Amino acid sequence: YLKEYLDLRIIKVPSGTSCWNWIIPEKYTVKQAFVRDEDTGEIIVDVKNHPLHLASYSCPFEGILDYEGMGNHLHWSEKAPDGIPYYFKFMYRPWEKDWKFCLSYNHFQKLNKDHKYYVKIETLFEKGELKIAEYFKQGKSDETVLVVSHLDHPGQVNDGLSGTVVELAAMLEL
């Protein structure tokens, strides 16, 4: 999309490549992920409704858990009782194979402690690549100004996407 506006150079770095103290992760694809209350049939959280409901890089899982078993796999924030928090630990610790669903604190409070919950997470990890877009624009000065943004946080307009949009607007104005 950005290439429609700027003559970007795209650099591709394969999964597994070491970059300083980080290794480019595998491509991560979510096919489906949801939690269903087994007693009522109600879907509690579903990644179809919002990408933040599943913590990025959650591993595949399928099973029925009680409320206590679900507790270790749920994330919420009392500071933002209506918000879905962003859980990113697995992105930076790929050796910690686990899974987690994120939901609002108010939604969490409505879960019934006596019910069972069916969990289905279908995710894929495969070789892929990190794409880096590079753009150079000569200015009036010989000084170099580096402007960086990212698009790696799903469902968050106020993070990487807003920076990318501001950078695009600035490059088009110069």
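Start with K97 and F125. In this predicted model, K97 lies over the face of F125, at 5.1 Å from the ring centre.

Next, select K100 and Y87. The charged end of K100 sits over the Y87 ring, 5.2 Å from its centre.

**Stacked rings**

Now turn to the aromatic residues. The structure holds 12 aromatic pairs. A pair of aromatic rings is described by the distance of the centres and the angle of the planes.

Select Y28 and Y57. Their ring centres are 4.7 Å apart and their planes meet at 15°, so this pair is stacked; the angle falls under the 30 degrees that stacking requires. Colour by secondary structure to see where each ring comes from. Y28 belongs to strand β4 (residues 27–37). Y57 sits in the loop between β5 (43–46) and β6 (61–66). The two residues are 29 apart in sequence, so the pair ties together separate parts of the chain. Is Y57 buried or exposed? Its relative accessibility is 16%, so Y57 counts as buried, the cut-off being under 20%.

Move on to Y67 and F108. This aromatic pair is stacked too, with 6.3 Å from centre to centre and 25° between the planes. Y67 is in helix α1 (residues 67–71), and F108 is in helix α3 (residues 105–109). The pair links distant parts of the chain, 41 residues apart. F108 has 10% relative accessibility and therefore counts as buried.

**A histidine and its contacts**

Select H73 next. H73 is found in the loop between α1 and β7 (74–75). Its relative accessibility is 14%, so H73 counts as buried. What does the side chain of H73 contact? Show the side chain of D98: a polar contact of 3.4 Å joins it to the side chain of H73. Then show the backbone of W99. The backbone oxygen of W99 lies 2.9 Å from a polar atom of the H73 side chain.

**Out to the surface**

Finish with a surface view. Which residues form a nonpolar patch here? Select W22, F88, Y92, L130 and I132. Together they have about 440 Å² of accessible area.

W22 lies in strand β3 (residues 22–23). Its relative accessible area is 33%, so W22 is partly exposed: that value lies between the 20% limit for buried and the 50% limit for exposed.

Technical notes: Residues numbered from 1 in each chain as written. Predicted model: local features only at pLDDT ≥ 70, side-chain atom pairs only at ≥ 80, totals over all residues. Heavy atoms only, no water. Phe/Tyr/Trp six-rings, centres within 6.5 Å; stacked < 30°, edge-to-face > 60°. Helix = DSSP H or I, 4+ residues; strand = E, 2+ residues; numbered from the N terminus. Buried < 20%, exposed > 50% of the residue type's maximum accessible area, 1.4 Å probe, protein only. Lys NZ or Arg CZ within 6 Å of the ring centre and 35° of its normal. Patch = residues over 30% accessible without salt bridge, like charges linked within 9 Å, V, L, I, M, F, W, Y side chains within 5 Å. Areas by Shrake-Rupley, 256 points an atom, 1.4 Å probe, with all protein chains shown as cover. Salt bridge = Lys/Arg side-chain N within 4 Å of Asp/Glu carboxyl O. Polar contact = N/O pair within 3.5 Å; in protein donor to acceptor, adjacent residues only side chain to side chain.
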